[in-house]
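Here is a short report on ring contacts.

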Amino acid sequence: MKYFHPLILICYLLAACVPQQAASTSIPDIPNTPATQTLPARTPTIVNTLPPTEPVQPTPASSPTPAWKIQGPGAVICPILLYHRIGESPTRNEYYVTVENFRAQMQALKDWGYTPIPMSLLLQAMREGAPLPERPVVISFDDGDITVYTEAFPIMQEFGFVGINYLVANRLTADGFMNRQQIHELADAGWEVGSHSYDHSDLTAPEGLDLQFQISESRRLLEEQLGLPVQTFAYPFGRQNEGVLSLARRNYEAAVGLGPLFKQDANNLYYLWRRPVKYEWDVQTFGSFLPWNTAP
Ligand SMILES: [Zn+2]
């Protein structure tokens, strides 16, 4: 485990999600999760009430090829990128990335030989070993913002890239966020969904939140309303404590937080490192935070 100055970690935690709040309680203590921990098998009752949509053929970039080699079980080098909104921000809000920059970053990932993989495949590799591309990456989006559908999705489709949406359960019908039909369109193209709590509360806040509801019920609601499997959880603002971690372990196969590393392993299965991509980053800066930033 590398040593990171506390200020670096605090910078990450401040960057979690809008709105910003103090990061006093959020230093990610690495959960001491035994590698062999198995969760009770969970077979959600999935009722898909949506009309069928046109199936989209898997695109080559994210499909296994003979060049993919078994990685894991155990540690896997796989950066997980975190985006929120794709578009212009007059205030240079760090939760936005412009369309131009987003496209340049996807192009750079392609040029540098990355293959975006589903989160479920990363977990499978960590737990039992699975064929992975040489330079895997997971592209995640928090909050379910509509610009993921209108801006990021078409660009990623051009590159054959898949992602994962961490959705807030009570926002599926809210203005400015993706609706069920749009989320399904992404799922048909190979994207996955995870839970980002019921209402995006800071789960470490002291004011008596119903953590069970935020963590466990949000999964059930999302699965019921979307008819899609929800395997992983994203802590709002990247914040957790022992009680939150304990519920995440009981209700999910893994959970994602914030952090500067790209080596994912059993020690951080419930706080997988994710790198928030900032508004002001050019491609060179983007590359400087990745394990590989030259052509293979
Ligand atoms: Zn969020």
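A search of the whole structure finds 15 aromatic pairs. Rings of Phe, Tyr and Trp (its six-membered ring) pair if their centres lie within 6.5 Å; planes under 30 degrees apart count as stacked, over 60 as edge-to-face and the rest as tilted. This is a predicted model: local features need pLDDT of at least 70, side-chain atom pairs count only at pLDDT 80 or more, and totals for chains, interfaces and linings use all residues. Residues are numbered from 1 along each chain as its sequence is written, and side-chain values use heavy atoms, without hydrogens and water.

Two of the pairs involve Trp 191.

| Pair | Centre to centre | Angle between planes | Class |
|---|---|---|---|
| Phe 141 and Trp 191 | 5.4 Å | 20° | stacked |
| Phe 153 and Trp 191 | 5.8 Å | 85° | edge-to-face |

Where do the partners lie? Phe 141 is in strand 8 (residues 136–142), while Trp 191 is in the loop between helix 5 (180–188) and strand 10 (192–195), so this pair ties together parts 50 residues apart in sequence. Phe 153 is in helix 4 (residues 146–159), 38 residues apart from Trp 191. Helices (H or I, at least four residues) and strands (E, at least two) are DSSP runs, numbered from the N terminus.

Phe 141 and Trp 191 are both buried. Buried means under 20% relative accessible area (1.4 Å probe, protein chains only). The value is 4% for Trp 191. Phe 153 is buried too, at 8%.

Tyr 83, Phe 102, Phe 141, Tyr 149, Phe 153 and Trp 191 form one aromatic cluster.

Definitions and conventions:
Buried < 20%, exposed > 50% of the residue type's maximum accessible area, 1.4 Å probe, protein only.
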